[in-house]
Amino acid sequence: MEQFDYNTYNALDEQLNAYFASVGFDAEEMWDIQSELVGLFFDFTNVEIEDFAEAKALIQRFVEKSKIIKDAFYYPISLQECIQLLMLIANYPVIEGDEYEELMSEAHKAVYIFHTATNHAGE
């Protein structure tokens, strides 16, 4: 088995990122959203969300900024990182009330548009 070649990977990643940029996807903006989602996840798990409308708006902003490439074969790492955080929120094992449940539902819907199941029960 060959060793993983980061140079080849990076060359492909640069080409794909250039393509995504050409269709209007902004990876830097997605990294900013990812950073905000990290904060949302920690607030969510610590039951410290103060503004649920703002939290939902963040998820909606993710959807709006990323839907341009939702049918891509490969997603940029910035988008993958966001999807992972949204999956964690969507599947959090404790429900702290209706507002938290609604936020979990919003996260689930955001992940679902990327054909990514939040559970894999043999589907």
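**Entry 1: helix H5**

I began with helix H5, residues 98–112, which has 15 residues. I looked up its reach from first C-alpha to last and found 21 Å, close to the 21 Å expected at 1.5 Å a residue. I note here that I am working from a predicted model.

Next I asked which residues of H5 are buried. I listed Tyr100, Leu103, Met104, Ala107, Ala110 and Val111. These cover an arc of only 120° around the axis, which puts them on the same side of H5. I then turned to the other side of H5, where Asp98 and Tyr112 are exposed.

What do the buried residues of H5 pack against? I found three helices as partners: H2 (27–45), H3 (52–66) and H4 (77–90).

**Entry 2: helix H2**

I wrote down the buried residues of H2: Met30, Ile33, Gln34, Leu37, Leu40, Phe41, Phe44 and Thr45. Looking down the axis of H2, I saw that they fall within an arc of 125°, so they line one face of the helix. I looked for what covers them, and the cover includes H3, H4 and H5.

**Entry 3: glutamine 34**

I stopped at glutamine 34, which lies in helix H2. Is it buried or exposed? Its relative accessible area is 15%, and buried means under 20%, so I count glutamine 34 as buried.

I then looked up which residues glutamine 34 touches, leaving out those up to four places away in sequence. I found Glu81, Cys82 and Leu85. I had noted H4 as residues 77–90 in the first entry.

**Entry 4: H3 against H4**

Last, I looked at how H3 and H4 meet. Their axes come within 12 Å and cross at roughly 145°. I recorded the crossing as left-handed.

Which residues make the contact? On the H3 side I listed Ile59, Phe62 and Ser66. On the H4 side I listed Leu79, Cys82, Ile83 and Leu86. I sorted the residues of this contact by type and got 6 nonpolar, 1 polar and no charged. Cys82 had already come up in my notes, as one of the residues that glutamine 34 touches.

Definitions and conventions:
Residues numbered from 1 in each chain as written. Predicted model: local features only at pLDDT ≥ 70, side-chain atom pairs only at ≥ 80, totals over all residues. Heavy atoms only, no water. Helix = DSSP H or I, 4+ residues; strand = E, 2+ residues; numbered from the N terminus. Expected span 1.5 Å × (residues − 1). Buried < 20%, exposed > 50% of the residue type's maximum accessible area, 1.4 Å probe, protein only. Arc of directions from axis to C-beta. Contact = heavy atoms within 4.5 Å. Axes fitted to C-alpha atoms, helices over the stretch in contact; angles between N-to-C directions. Left-handed = near helix turned anticlockwise from the far one by under 90°. Nonpolar A, V, L, I, M, F, W, Y, C, P; charged D, E, K, R; others polar.
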